[in-house]
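I opened the model today and kept notes as I went. Entries follow in the order I looked things up.

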Amino acid sequence: MKQNKKELSLEILRFLIVGGLATLVDYLVTWVFKNYVCQNMDVNLAVFLYTAMGFTAGLFTNWFLQKFVYRYITKDQQKSFYVFFKFVVLSLIGFGITWLGMWLSEPIHGKVLFDFWFLHDIQLWFWVFKVLLTIIVLIMNYIGRKLFVFNQKRNKESIDEEKAKE
């Protein structure tokens with residue numbers, strides 16, 4: 001299916017809306033785990049745990065809202081284990097990028113950019129790195145989902161194979 005510029009622009013806008021909602025869920029869960037659950041943990045375990053919990057919440061939010069983004073997703077694709085598996089694998093790559101970036105930036109999180117109390121209290125550096133990593137993963141996710149996860153031709157062949165096995 002060839003998309004014209006208007007259709008592609010609307011799809012990207014819908015992707016950004018759904019991604020924005022999933023990101024809010026991710027950030028909220030990350031914040032709760034970072035500030036309440038992981039307070040007295042080893043820093044490496046804490047970074048992994050709060051990143052993983054936010055990622056998981058964002059992943060499921062994103063999966064359930066994908067039909068809104070890619071209007072051509074069929075019911076068979078929504079129910080396909082193969083499509084979900086590809087979605088999760090691509091998302092795990094994004095998780096790996098996010099976790100690695102957060103882990104590498106952890107020593108910087110506590111630094112104060114300016115000597116203003118409110119910048120330290122809002123954990124400025126933590127959120128700067130989280131937003132930058134989110135932008136990188138957002139671009140990778142759109143391209144990956146468009147080409148590999150919700151590719152109509154590839155998915156039709158795989159879903160037909162799944163049905164033949166049943």
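Predicted model: local features only at pLDDT ≥ 70, side-chain atom pairs only at ≥ 80, totals over all residues.

**Entry 1: Gly144.** I began with Gly144, which is found in helix α6. Buried or exposed? I got a relative accessible area of 5% for Gly144, so it is buried, since buried means under 20%. I then asked which residues Gly144 is in contact with, leaving aside its neighbours within four places in sequence. I found Leu90 and Val149. I also checked Phe87 against Gly144: they sit 57 residues apart in sequence, and their C-alpha atoms are 8.9 Å apart in space.

**Entry 2: Lys86.** Next I went to Lys86, placed in helix α4, residues 81-109. I had to look at the number for this lysine: Lys86 has 14% relative accessibility, so it counts as buried. What lies 2.5 Å from a polar atom of the Lys86 side chain? I traced it to the backbone oxygen of Phe148.

**Entry 3: the whole chain.** I stepped back and counted seven helices and zero strands. Of the 166 residues, 36% count as buried. I looked at contacts with a separation of 6 or more, and 79% of them are accounted for by residues 24 or more positions apart.

**Entry 4: helix α1.** I ran a length check on α1, residues 5-37. Its 33 residues at 1.5 Å each should span 48 Å, and I found the end C-alpha atoms 45 Å apart, which agrees. At the start of α1, I saw a side-chain oxygen of Asn4 reaching to within 3.0 Å of the backbone nitrogen of Lys6. I listed the buried residues of α1, among them Phe15, Val18, Gly19, Ala22, Tyr27 and Phe33. What covers the buried residues of α1? I noted that the cover includes α2 (43-69) and α6 (124-149).

**Entry 5: helix α2.** I repeated the length check on α2: 27 residues, reaching 37 Å from first C-alpha to last, close to the expected 39 Å. Where is the kink in α2 centred? I put it on Trp63, with a bend of about 35°. At the N-terminal end of α2 I found Asp42 as the cap, with a side-chain oxygen 3.2 Å from the backbone nitrogen of Asn44.

Technical notes
Residues numbered from 1 in each chain as written. Heavy atoms only, no water. Helix = DSSP H or I, 4+ residues; strand = E, 2+ residues; numbered from the N terminus. Expected span 1.5 Å × (residues − 1). Buried < 20%, exposed > 50% of the residue type's maximum accessible area, 1.4 Å probe, protein only. Contact = heavy atoms within 4.5 Å. Polar contact = N/O pair within 3.5 Å; in protein donor to acceptor, adjacent residues only side chain to side chain. Bend = angle between axes of the 7 residues up to and from the residue.
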